[in-house]
Amino acid sequence: MNSHARRLQAVAVAQLPGERPGRAEVEQAVRTMIRWAGDDPARDGLHDTPDRVARAFAEYFSGYAQDPTEILQKTFEEIEGYDEMIVLRGVRFESHCEHHMAPIVGRAWVAYIPQGRVVGISKLARVVDIYAKRLQIQEKMTAQIANTINDVLKPEGVGVIIKATHHCMTTRGAHKLGTDLVTSRMLGVFRDNALTRQELLGLANSDA
Ligand SMILES: Nc1nc2c(ncn2[C@@H]2O[C@H](COP(=O)(O)OP(=O)(O)OP(=O)(O)O)[C@@H](O)[C@H]2O)c(=O)[nH]1
Ligand SMILES: [Zn+2]
């Protein structure tokens, strides 16, 4: 295993209280859930389902094995003194709520005002995805994205706005179809300067 792979493994393992369960254990758990739902995991149509669910979970929760701070390490400093707002708008993401493991589908607006260096814009989208591909609540995810960008890039300020639909309250429970949740985390000048914050909120609202 190379040092990069070791580090990724360390990121994932650091968050686990015990040993990571093996594939057979996961597939058995899915069979149990199917039986609990009232169906027969041995019937033809469900035979491959535990394998599919395990692969789907590996995709839904791939963010545990990735380090968002590493993604932001490569920066560009030849920016001719550029010091205005940089806003990546409407980054679509799919996440899962940590209460019901139901989908959270939404968009993130990620803004910062650089201090001497900028990051490749795709990296901002990757940071959103790394946190989205974990069990989440929206408030925590919003704060994690903003805090990470702030800690690594040390810009003048960071603003993150997320609008998302929570399937746990649209397709079950409260059944409030059409609702979305808006959260934001403002740091540095976005927190201290009302005009800067308004400029970002205006950009986000114009794209609702
Ligand atoms: N603040 C916040 N709440 C969330 C988020 N995702 C889901 N929830 C809520 O988390 C709460 C969990 O509440 P519980 O009362 O423990 O769960 P429950 O009995 O299934 O509740 P209902 O969803 O109302 O049926 C619910 O009110 C969900 O709507 C999120 O990202 N942020
Ligand atoms: Zn939920």
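Which residues does the UniProt annotation "domain: GTP cyclohydrolase I" cover? According to that record, an unreviewed entry, the annotation covers residues 27–203; UniProt positions are given in the numbering used here, feature names are shortened, and annotations may be inferred rather than shown by experiment.

Before selecting anything, note that this is a predicted model, in which local features need pLDDT of at least 70 and side-chain atom pairs count only at pLDDT 80 or more, while totals for chains, interfaces and linings use all residues. Residues are numbered from 1 along each chain as its sequence is written, chains are lettered from A and ligands numbered from 1 in the order in which they are written, and side-chain values use heavy atoms, with hydrogens and water left out.

**The annotated stretch.** Select residues 27–203, where the chain is 41% helix and 27% strand and the end C-alpha atoms are 45 Å apart. Helices (H or I, at least four residues) and strands (E, at least two) are DSSP runs, numbered from the N terminus.

His100 lies in the loop between strand 2 (86–97) and strand 3 (103–113) and Cys168 in helix 7 (residues 167–170), so the pair ties together parts that are 68 residues apart in sequence. His100 is partly exposed at 39% relative accessibility, whereas Cys168 is buried at 13%; buried means under 20% relative accessible area, exposed over 50%, and partly exposed in between (1.4 Å probe, protein chains only).

**Beyond helix 7.** Move to His175, found in the loop between helix 7 and strand 7 (181–188). Not counting residues up to four places away in sequence, His175 touches Met169 and Thr170, where contact means heavy atoms within 4.5 Å.

**Two loop residues with positive phi.** Most residues other than glycine have a negative phi. Select Glu80, in the loop between strand 1 (75–76) and strand 2, and you will find a positive phi of about 55 degrees in a residue that is exposed at 82% relative accessibility. Finish at Lys154, in the loop between helix 6 (138–153) and strand 6 (157–166), where phi is near 45 degrees and the residue is exposed, with a relative accessible area of 53%.
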